[in-house]
Amino acid sequence: MAQTDRKVLILGALAGAAGIGLAVACYQGYKMRRRASLPARYLRTNNELAPGMTLMNSPGIPGDQIEVLDRLEALLQCVSELKDEMKALKNSLPMRHGQVSEDLRGGDRTDAHRAAALHRTTPTRRKRAGGSIAVAIAAGRSSEEAESEGGYITALTDSDEEDQSDDEEWDERQETLDNLTCLLERIDSMHQGTDADKRESLSILTTQREEFGQNSTFLWRLIRAHCDVHDISATLEEKKTHAETGKKVGEDAVALNPKCAESHQWYAIMCGIMAEYDTVQNKIKNGYIFKDHLDKAIELKPQDPLSYYLLGRWCYAVAQLSWLERKVAAALFGEPPSATVEDALKNFLKVEDIQPRYSKLNYVFLAKCYRDLGYMKKAREMCEAATAMQSVSKEDEDAQKELDLLFPELGMLEPEDELELDL
């Protein structure tokens, strides 16, 4: 751009600014003259008009100038209102930021709505803008001015609609979450119930998978339900079906959320169950998978006693492998699994440390470990602790069968025999 053109633009801008300043100055002077012409009884102490009073045309001022000054007054009023609204919006931003943070932390939705209602200025602005249009029409302003303010209303209305859409979407997500929470609470209760409850639990979860199947807390409970029904199934075919299906669900669960400890834990359990129905090669393979996912579960949730109990069972089973089984594992996978009875004992003791009297079977395997290591007194103590616990589940019944075999090995009398001696 040439230097002359730049000078022209600068001079034009200065002239425009001066013109606006002159118009405002004239308007202020005109306003003061009009007020000065009124009797004192029509003015307040701050020189503002008393309620119900309107300014009349002062003599000696052309009508077209009066119209321009009236429009300028309306424009300044709109600018003043807009300035107040921007100030209110600025003051509300820190509180809106706190509200959003609370929502992300799962805060109470009712309080969030209340805070939003206190600081939402859109309805007020819509009402004020509507009033401005009515004033503009009453004052005889042009249709272009009215349409300009109407555009302001349209923008506010669109913003309102977006806020409403966001609220509806949030409410839908919250409703879905509430439904899932109620469902999972019911499923957890049925997991502790009768065999019929466990079958019904699996049926409910299978039906609801289409709706909640992308939630890891739902999927690991579906794995657990297949495990429960596997244990109570009467036929080998039914047991194998639930083992296979549960393992596939486990694969989906750990793929969906690798950070969910329970998904890794129950997938490992299903891999262990599948070992009962697979070939020797697949049994060994599932054993490696079992250990990997169990380690991951402990890493993600180090205070879960079930994971340490399962790891103790794995270590004890590996410690009991024969020389031939180790050679087969080495030939198929390059390195055989390695664990000792001491490793198993450490994990079973960890269970008792996290949750004393965790289960009857944990005491049984503590007794076995102490027996294998030659600590007979401690082994008998563990058997006594197991006997003191009531049998309330199928797992407890299995533990009692193991105890019946351990008593003679440890030179102990079974509880029934002791009772007869007392008599």
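Is cysteine 260 buried or exposed, and what is its relative accessible area? Select cysteine 260: it is buried, with a relative accessible area of 6% (buried means under 20% relative accessible area, exposed over 50%, partly exposed in between, with a 1.4 Å probe and protein chains only). Select cysteine 227 next; this residue is also buried, at 7%. A search of the whole structure finds zero disulfides, a disulfide being a pair of cysteine sulfur atoms within 2.5 Å.

The model is predicted: local features need pLDDT of at least 70, side-chain atom pairs count only at pLDDT 80 or more, and totals for chains, interfaces and linings use all residues. Residues are numbered from 1 along each chain as its sequence is written, and side-chain values use heavy atoms, without hydrogens and water.

**The whole chain**

Display the protein as a cartoon: 17 helices and zero strands make up its secondary structure (DSSP runs numbered from the N terminus, helices being H or I of at least four residues and strands E of at least two). Of its 423 residues, 35% count as buried.

**The aromatic cluster**

Select Tyr309, Tyr316, Phe348, Tyr358 and Phe365, which form one aromatic cluster. Rings of Phe, Tyr and Trp (its six-membered ring) pair if their centres lie within 6.5 Å; planes under 30 degrees apart count as stacked, over 60 as edge-to-face and the rest as tilted. The whole structure holds six aromatic pairs. In one of them, tyrosine 309 and phenylalanine 348 have ring centres 6.0 Å apart and planes at 55°, so the pair is tilted. Tyrosine 309 belongs to helix H11 (residues 305–319) and phenylalanine 348 to helix H13, so the pair ties together parts that are 39 residues apart in sequence. Tyrosine 309 is buried at 4% relative accessibility, and phenylalanine 348 is buried at 0%. Tyrosine 309 also pairs with tyrosine 358, with centres 6.5 Å apart and planes at 50°, so this pair is tilted. Tyrosine 358 lies in the loop between H13 and H14, 49 residues from tyrosine 309, and is partly exposed at 24%.

**The loop between H13 and H14**

Move to arginine 357, in the loop between helix H13 (341–354) and helix H14 (360–372). Its phi is near 55°, a positive value in a residue other than glycine. Arginine 357 is partly exposed, at 45% relative accessibility.

**Helix H16**

Finally, select residues 394–409, helix H16. Its buried residues are Asp396, Ala399, Leu403, Leu406 and Phe407. Viewed down the axis of H16, the buried residues fall within an arc of 100°, so they line one face of the helix (the arc is that of the directions from the helix axis to the C-beta atoms). The face turned away from the buried side carries the exposed residues Lys401, Leu405 and Pro408. Glycine 411 follows H16 and has a positive phi, near 70°.

Key. The expected span of a helix is 1.5 Å times one less than its number of residues.
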